[in-house]
Structures are given as structure tokens and as C-alpha cells.
Amino acid sequence: MALRLIFLGPPGVGKGTQAKKVAADHSIPHISTGDILRAEVAAGTDLGRQAKQHMDSGGLVPDDLVVAMVARRLEQDDCRDGYLLDGFPRTMGQATALEAELARTGGAIDRVLYFRAPDDVLIRRLSGRRTCPDCGAGYHVEAMPPKVEGICDRCSAKLIQRDDDQPDTIRNRLDVYKAQTQELIDYYRAAGLLVEIDSTGSVDEIARAVVRALEP
Ligand code: AMP
């Protein structure tokens, strides 16, 4: 049976890390709109150029661009047996567009996992986050440091800090999240799909809570 999941939560809550694991465990594609947009920016496409100005300031990319991008992705063959949406929907407009797409194709969302953590935890996680630009591996200077400082364990590339993980932009991203995304939580709770995940603990603790939340 197809499994369609949504991972909701503020930036820095660790949902990307959990999403990679769950997608691998259930053999479904992990669709992160942030990752797709960063790839578009890196490739210098039209979409990337339009998205970059919003991303750099910590604001949201306009709904029409993101919705069209996700609709194209969901049409691909590997989404037939389900998918995990990470970072989408982020607004009610996107949620409504997703509902319309599902109604058209005859599918439904099975569960929405809502990852929660207080702002001070999120700010600490985001400001310490480092990524490998070559293989995509993620690190944290305190919680998950690489063996050699600043160097990727897997491919030895020099780790980078995302432009939008700078302190001012972090604050703005959290504000944008609160303003835009909060109503989605009410929407999915009312639909009976929402499961809350306390995300203040370690990666392993959160992973155990995720497994419990996905039990039938
Ligand atoms: P993320 O990696 O999910 O934190 O996303 C990084 C940035 O990409 C966000 O700050 C937004 O500018 C943009 N972005 C990602 N997903 C969406 C979305 N669903 N809607 C609008 N903008 C998005």
C-alpha cells in the first residue's frame, strides 16, 4: 500500500535527518523542497534565479513556483508507491494545492508528523549546522562533528555553512515559520492526521518517537 507522509516543523528541528531515515526504511522518495530549490539555485535555472532572492532573506518562495515544482516531482514514477514530503506544504495555499493534486490522482496523505522544539534549541542547532557541498552529508559542530574539523568524513570535501544559517536569517526564518506554517498544524490536527514529535532530545531518541508515530 502507498505511504504518503508529510514532515512539518520549524527549521532546525531535525526533520530532514529523520526524513532521510524514514524514506530509506520505507523505500519511498524523500522530497525536500529546500533541497530541490538549492539544487535549482546551484544549477542556475530560471526557477533557481527566482527562488534565490527569497531564500537568501529567509522568506518563502512564492506558492505558484513551489506548487508547480512539487507537482512535477510527484508525477515521477518513483512516487507511485508513496513519498515523504519534507518542508512542503509550508502555507495553506500549498496545502490546498496538494489536496487538489491528491484528489486528481486518487491518493491521500496517511500521516503528518509535527516536530517540535523550543526556539533556543532550534537556534543552537541551525547555527552549528554544516553541510558537505559534494555529497550532501550533514554535520553539527557540537552534536555531530566530523572526524576532522571542517572536512567531510565521507568524501573529504570542505564543509560549508548554508547562507541562510547565519544568525539574522535564522531569526527571520523562525518568524516566517510561525506566521505562515502555524495554521497548517491546526488544519492537519482537525483532519485527524497530526502526530506530535518532541524533538528536543538526541537524534536516536527522536528516531524512536518517529517509529512509534508510524506504527499502524
Ligand atoms: P529548508 O531547507 O526547508 O529550510 O528551506 C530553505 C528555504 O527554501 C526556505 O527558507 C524557503 O526560502 C525555501 N523553501 C523551501 N521549501 C519551501 C516551501 N514549501 N515553500 C516556500 N519556500 C520554500
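**Exercise 1. Is Glu 40 buried, partly exposed or exposed?**

*Solution.* The model is predicted. Start with the location: Glu 40 sits in helix H2. Next, take its relative accessibility, which is 21%. Buried would require a value under 20%, and exposed a value over 50%. Glu 40 therefore counts as partly exposed. Ile 123 is 83 residues away from Glu 40 in sequence, and their C-alpha atoms are 26 Å apart in space.

**Exercise 2. Work out the strand order of the open sheet, and find which strands stand at the edges.**

*Solution.* Step one is the general idea. Strands of a sheet pair through backbone hydrogen bonds, in a parallel or an antiparallel sense. Step two is the order. Five strands make up the open sheet, arranged E2-E3-E1-E4-E7, and their pairing is parallel. Step three is the edges. Strand E2 (30-32) and strand E7 (194-198) each have a single partner strand, so one side of each has no neighbour in the sheet. Step four is the twist, which averages 20° from one strand to the next.

**Exercise 3. Describe how E3 is paired and how it is covered.**

*Solution.* Take the E1 side first. Strand E3 (residues 82-86) pairs with E1 in the parallel sense over five bridges. On this side, Phe 7 stands opposite Asp 86. Now take the E2 side. E2 and E3 run parallel and are joined by three bridges. Here Ile 31 has Leu 85 of E3 as its bridge partner.

Then check burial. In E3, five of the five residues are buried, so the strand is largely enclosed by the rest of the structure.

**Exercise 4. Classify the aromatic pairs by their ring geometry.**

*Solution.* Two numbers are needed. A pair of aromatic rings is described by the distance of the centres and the angle of the planes. Rings pair if their centres lie within 6.5 Å; planes under 30 degrees apart count as stacked, over 60 as edge-to-face and the rest as tilted. By this rule there are two aromatic pairs.

- The ring centres of Phe 7 and Phe 115 are 5.0 Å apart and the planes meet at 55°, so this pair is tilted. It links distant parts of the chain: Phe 7 belongs to strand E1 (residues 3-8) and Phe 115 to strand E4 (residues 111-116), 108 residues apart. Both Phe 7 and Phe 115 are buried.
- Tyr 187 and Tyr 188 have centres 5.0 Å apart and planes at 70°, which makes the pair edge-to-face. Tyr 187 counts as partly exposed because its relative accessibility is 30%. Tyr 188, at 1%, counts as buried.

**Exercise 5. Which residues are closest to the ligand, and how much of the ligand does the protein bury?**

*Solution.* Begin with the shell. The ligand is surrounded by 16 residues, and the closest are Thr 33, Arg 38, Gly 59, Gly 87 and Gln 94. Helix H2 (residues 33-43) gives the most to this shell, with four residues.

Next, list polar distances from side chains.

- Arg 38 places a polar side-chain atom 3.0 Å from a ligand oxygen atom.
- Gln 94 places a polar side-chain atom 2.9 Å from a ligand nitrogen atom.
- Arg 173 has a side-chain N or O atom 3.1 Å from a ligand oxygen atom.

Last comes the area. The ligand taken alone exposes 480 Å², of which the protein buries 95%.

**Exercise 6. Find a cis peptide bond and residues with a positive phi that are not glycine.**

*Solution.* Most residues other than glycine have a negative phi, and most peptide bonds are trans.

Check omega. The peptide bond joining Phe 88 and Pro 89 is cis, with omega about -5°. Pro 89 lies in the loop between E3 and helix H5 (92-105).

Check phi. Ser 27 is not a glycine, yet its phi is positive, about 50°. Ser 27 lies in the loop between helix H1 (15-25) and E2. With 64% relative accessibility, Ser 27 counts as exposed. Ser 156 also has a positive phi, about 65°. Its loop runs between strand E6 (138-140) and helix H7 (167-190). Ser 156 is exposed, at a relative accessible area of 54%.

Technical notes. Residues numbered from 1 in each chain as written. Predicted model: local features only at pLDDT ≥ 70, side-chain atom pairs only at ≥ 80, totals over all residues. Heavy atoms only, no water. Phe/Tyr/Trp six-rings, centres within 6.5 Å; stacked < 30°, edge-to-face > 60°. Helix = DSSP H or I, 4+ residues; strand = E, 2+ residues; numbered from the N terminus. Buried < 20%, exposed > 50% of the residue type's maximum accessible area, 1.4 Å probe, protein only. Pairing = 2+ DSSP bridges. Axes fitted to C-alpha atoms, helices over the stretch in contact; angles between N-to-C directions. Near = heavy atom within 4 Å. Polar contact = N/O pair within 3.5 Å; in protein donor to acceptor, adjacent residues only side chain to side chain. Areas by Shrake-Rupley, 256 points an atom, 1.4 Å probe, with all protein chains shown as cover.
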